[in-house]
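Here are a few exercises to work through with the structure open beside you. Try each task before you read its solution.

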Amino acid sequence: MTAIQNQPQSPIAHLTPADIEQLGRELDAIREQVIANRGERDAAYIRKVVVTQRRLELGSRAVLLFSLFPPAWVVGTAGLAVAKILENMEIGHNVMHGQWDWMRDPKLHSTTWEWDNVSPAAQWKHSHNELHHTYTNVIGKDNDLGYGIMRVDEDQRWHPMHLGQPLWNFLNACFFEYGIAAYDLELGRNLRKGRHRDPKFRARVRAVGRKIRRQVLKDYVLHPLLSGPSFLSTMAATFTANLIRNLWTHSVIMCGHFPSGVQTFTRRSITGETRGEWYLRQMLGSANISGSRAMHIMTGNLSFQIEHHLFPDLPSNRYQEIAPQVRALFDRYGLTYTTGNLPKQVGSAWWKIIRLSLPNRSTPAVEQTPVPTPAVEQTPVPTATAVLTPG
């Protein structure tokens with residue numbers, strides 16, 4: 001997929017500026033409906049998820065005290081993996097988006113939550129909430145387009161190093177939490193530009209180092225020590241649970257951003273972008289995953305990635321409710337609602353990674369760098385950090 005502005009037939013050519021602004025107003029109305037009636041039902045939901053996750057984690061760690069016995073190892077590892085997925089996806093990611101700030105509960109507030117991950121919450125919120133959700137799929141502005149290590153669009157410059165990106169992607173999937181930490185630091189870019197001596201950058205590196213030490217101490221020292229003779233088997237179980245969590249999270253994120261049908265945008269296209277145009281970019285720059293209610297919870301409701309990108313600060317349990325309204329707008333305005341089951345979306349995303357590891361077929365050599373454009377100022381957009389609605 002090449003940037004929408006460079007396609008011979010644009011999928012939004014039939015929309016007038018008035019259409020786009022009316023679309024924005026209709027999406028605003030959906031958002032206001034949810035804000036107007038969110039309340040105890042939503043609060044009860046997230047509290048139930050938190051209690052369930054903590055009980056599952058404690059129970060699984062208790063079972064792993066006897067991990068020398070294979071059945072205990074399997075049950076404990078599976079339970080711990082599910083608990084870690086729930087904590088990262090349905091709780092941590094969404095809490096740090098400010099989805100539950102309206103509850104005024106300091107235990108579930110975006111400013112106080114620290115998740116079970118090696119990337120410090122503050123750094124993740126900056127790279128994800130402030131940058132990715134503002135510049136979604138804008139080539140040269142959104143670092144989530146390949147995480148800075150992969151080429152996922154024909155308009156991105158090809159380099160011989162991209163030949164190895166299927167391998168980089170696999171390794172990134174296995175150790176995804178560490179990849180995200182490096183991504184939040186913009187490690188490659190800062191080292192290339194010689195910023196390793198910059199006090200602010202060094203402070204951020206130290207913060208990541210402290211977080212890694214805490215995670216390693218908890219997962220690979222303290223809990224295995226409590227297992228006594230099961231020390232090594234408990235350590236292996238925890239490593240396996242983290243591996244499962246990383247692979248699952250990576251797959252869900254890829255399905256929301258990389259499958260066929262997801263559009264990208266040039267930097268010039270967001271100059272003077274209106275709220276309606278921002279909404280339209282979110283609609284076309286995301287993809288959903290179809291599945292059961294259980295799977296939606298395990299994805300942190302990011303299986304409704306389109307709805308999440310439109311309304312990143314709304315409670316995640318509401319995405320499934322509003323999805324039919326959002327899809328109806330796609331149909332009414334002649335837009336494609338990109339969705340599919342998990343195997344289809346994972347396969348599509350991986351095929352794109354493999355296909356774009358090679359130069360574009362239209363050019364025999366390295367693709368030329370797109371004409372650089374200056375950074376532009378943005379209009380306010382409804383990210384978790386930009387919009388804090390009253391409770």
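**Exercise 1: A salt bridge across the chain**

Arg332 is exposed, with a relative accessible area of 54%. Keep in mind that this is a predicted model.

Task: Find which side chain Arg332 meets in a salt bridge, and decide whether that partner is buried or exposed.

Solution: 
- Step 1. The partner is Glu26, with N and O 2.4 Å apart.
- Step 2. Glu26 has a relative accessible area of 19%. Buried means under 20%, so Glu26 counts as buried.

**Exercise 2: Two further pairs**

Task: For the salt bridges Glu154 with Arg355 and Arg245 with Glu177, work out how buried each residue is.

Solution: 
- Step 1. Glu154 sits in the loop between α4 and α5, and Arg355 in helix α14, 201 residues away.
- Step 2. Glu154 is buried at 16% relative accessible area, while Arg355, at 27%, is partly exposed.
- Step 3. In the second pair, the closest N and O atoms are 2.9 Å apart. Because Arg245 is in helix α9 and Glu177 in helix α6, this pair ties together parts 68 residues apart in sequence.
- Step 4. Arg245 is buried at 1% relative accessibility, and Glu177 is buried at 6%.

**Exercise 3: Inside the fold**

Solution: 
- Step 1. The largest nonpolar core has 36 residues; Leu108 is one of those that touch the most other members, along with residues including Trp100 and Trp113.
- Step 2. Several helices supply at least two residues each, among them α2, α3 and α9. Helix α3 gives the most, with six.
- Step 3. Leaving aside residues up to four places away in sequence, Leu108 touches Ile46, Arg47, Val50, Val95, Trp100, Asp101, Met103 and Trp113.
- Step 4. Another core, of 32 residues, lies apart from this one and includes Trp278 and Tyr337.

**Exercise 4: A helix under cover**

Task: How many residues of helix α10 are buried, and which helices do they pack against?

Solution: 
- Step 1. Helix α10 covers residues 275–284, and eight of its ten residues are buried. Trp278 and Arg281 are among them.
- Step 2. These buried residues pack against α1, α12 and α13.

How values were computed:
Residues are numbered from 1 along each chain as its sequence is written. This is a predicted model: local features need pLDDT of at least 70, side-chain atom pairs count only at pLDDT 80 or more; totals for chains, interfaces and linings use all residues. Side-chain values use heavy atoms; hydrogens and water are left out. A nonpolar core is a set of buried Ala, Val, Leu, Ile, Met, Phe, Trp, Tyr and Cys residues joined through side-chain atoms within 4.5 Å. Buried means under 20% relative accessible area, exposed over 50%, partly exposed in between (1.4 Å probe, protein chains only). Helices (H or I, at least four residues) and strands (E, at least two) are DSSP runs, numbered from the N terminus. Contact means heavy atoms within 4.5 Å. A salt bridge is a side-chain nitrogen of Lys or Arg within 4 Å of a carboxyl oxygen of Asp or Glu.
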